[in-house]
Structure formats: C-alpha cells, structure tokens
Amino acid sequence: MSSSAASSAFSFRPGAWRLHPGHAMSLHPQETSVLRIHRGPVWVTLGEPGALSPQDSGDRFLMDGESMVVPAGARLVMEPLSTRESDGPVCFDWSGATRAQDSRFGREVRAPLREAVTAFGQAAWALVRVARGLLGYSEFLVAGRGRVLSPLECMR
C-alpha cells in the first residue's frame with residue numbers, strides 16, 4: 001500500500017482511526033497494544049514472533065465492539081470485510097495495553113519469570129562463548145606457541 005493510499009485510508013485523530021473498503025493496513029507494534037473495533041467488520045491476520053500453535057497466529061474476524069491484544073513484535077494486517085464504498089470506513093482504536101489490565105499473577109509471576117528466563121538464556125550463551133574461546137585458546141597452547149617454559153628450559 002503506497003504512502004498516499006495509507007494517508008487517505010484513516011484519520012489521525014487519536015482513538016478514531018479509519019480504514020476504507022478496498023484498503024489494507026499493516027501494523028507492527030513495538031509494545032503490547034490493543035485493537036478495538038468500533039464500527040464495521042474486519043479481517044485480521046496476525047503473525048506473532050515465536051508462535052507455537054495455530055491459535056497464536058492466523059486469521060481472525062472482528063466485529064463491532066470486539067477487541068484483541070496484539071503482542072509486541074507481532075505483525076498485524078487488517079482489511080475491511082466490506083468491499084462497497086457505500087458501507088463506509090471501519091472505525092477502530094489502536095492503543096497501548098495498560099498495566100492495569102494485567103492480572104496480579106501476570107505482574108508478580110509471569111513478568112519476573114519471563115525476565116529470569118531471558119537472563120538465564122543470556123548467561124548460558126555467555127558460557128558457551130567462554131567455552132568456545134577457551135577451546136580455541138587451547139589449540140594455541142598445544143601447538144607450542146605461548147607455552148610457559150619451565151626454569152630449566154629457560155636456561156638453554
């Protein structure tokens with residue numbers, strides 16, 4: 001979709017985005033966001049990073065009043081189901097998900113667990129790199145270059 005078509009496809013007033021029939025929109029949120037449909041049915045294709053099941057990604061149809069959470073890093077493409085211009089544009093709201101919507105379990109268990117898993121993954125990768133470095137250095141020592149000489153060998 002060209003930039004001129006994109007600019008004419010919706011209004012830039014906060015909370016009142018529009019998408020006209022015959023146009024499509026691609027969104028790539030950097031943080032978890034919420035898509036709320038106010039008027040008109042849409043066809044949404046969601047591609048989540050690291051999706052493990054078909055329910056995590058794929059096509060969905062959203063009607064008036066429905067909403068969906070879009071995770072950070074996902075790619076969302078949406079298109080009005082109606083192809084007639086007389087039906088008018090789809091009106092929707094695109095906003096960041098607030099912390100108030102998170103459950104206590106999500107804030108106090110899931111978030112720290114996700115951070116711990118990330119930290120352990122980074123620590124494991126660092127250990128692998130250290131091991132590879134030591135193994136590479138051992139070849140240098142075995143070849144005789146860089147070997148520490150004993151005091152008797154230094155006298156020669």
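**View 1. The order of elements along the predicted protein chain.** Helices and strands here are DSSP runs, at least four residues (H or I) for a helix and at least two (E) for a strand, and they are numbered from the N terminus. In this predicted model, the protein chain contains 3 helices and 8 strands, and their order from the N terminus on is α-β-β-β-β-β-β-β-β-α-α.

**View 2. The two faces of strand β4.** Strand β4 spans residues 42-47, and V42, V44 and L46 lie on its covered face, whereas W43, T45 and G47 lie on the uncovered one. In a regular strand the side chains alternate between the two faces of the sheet.

**View 3. Strand β4 and its pairing with β5 and β7.** Strand β5 (residues 58-62) runs antiparallel to β4, and 5 bridges join these two strands. Strand β7 (residues 75-80) also pairs with β4 in the antiparallel sense, here over 6 bridges. At L46, a residue of the covered face of β4, the bridge partner in β5 is G58, while in β7 the residue standing opposite L46 is L76.

View 4. Among contacts in the protein chain with a separation of 6 or more, 71% are between residues 24 or more positions apart. The protein chain exposes about 11000 Å², and carbon and sulfur atoms supply 59% of this area.

How values were computed. Residues numbered from 1 in each chain as written. Predicted model: local features only at pLDDT ≥ 70, side-chain atom pairs only at ≥ 80, totals over all residues. Heavy atoms only, no water. Buried < 20%, exposed > 50% of the residue type's maximum accessible area, 1.4 Å probe, protein only. Pairing = 2+ DSSP bridges. Contact = heavy atoms within 4.5 Å. Areas by Shrake-Rupley, 256 points an atom, 1.4 Å probe, with all protein chains shown as cover.
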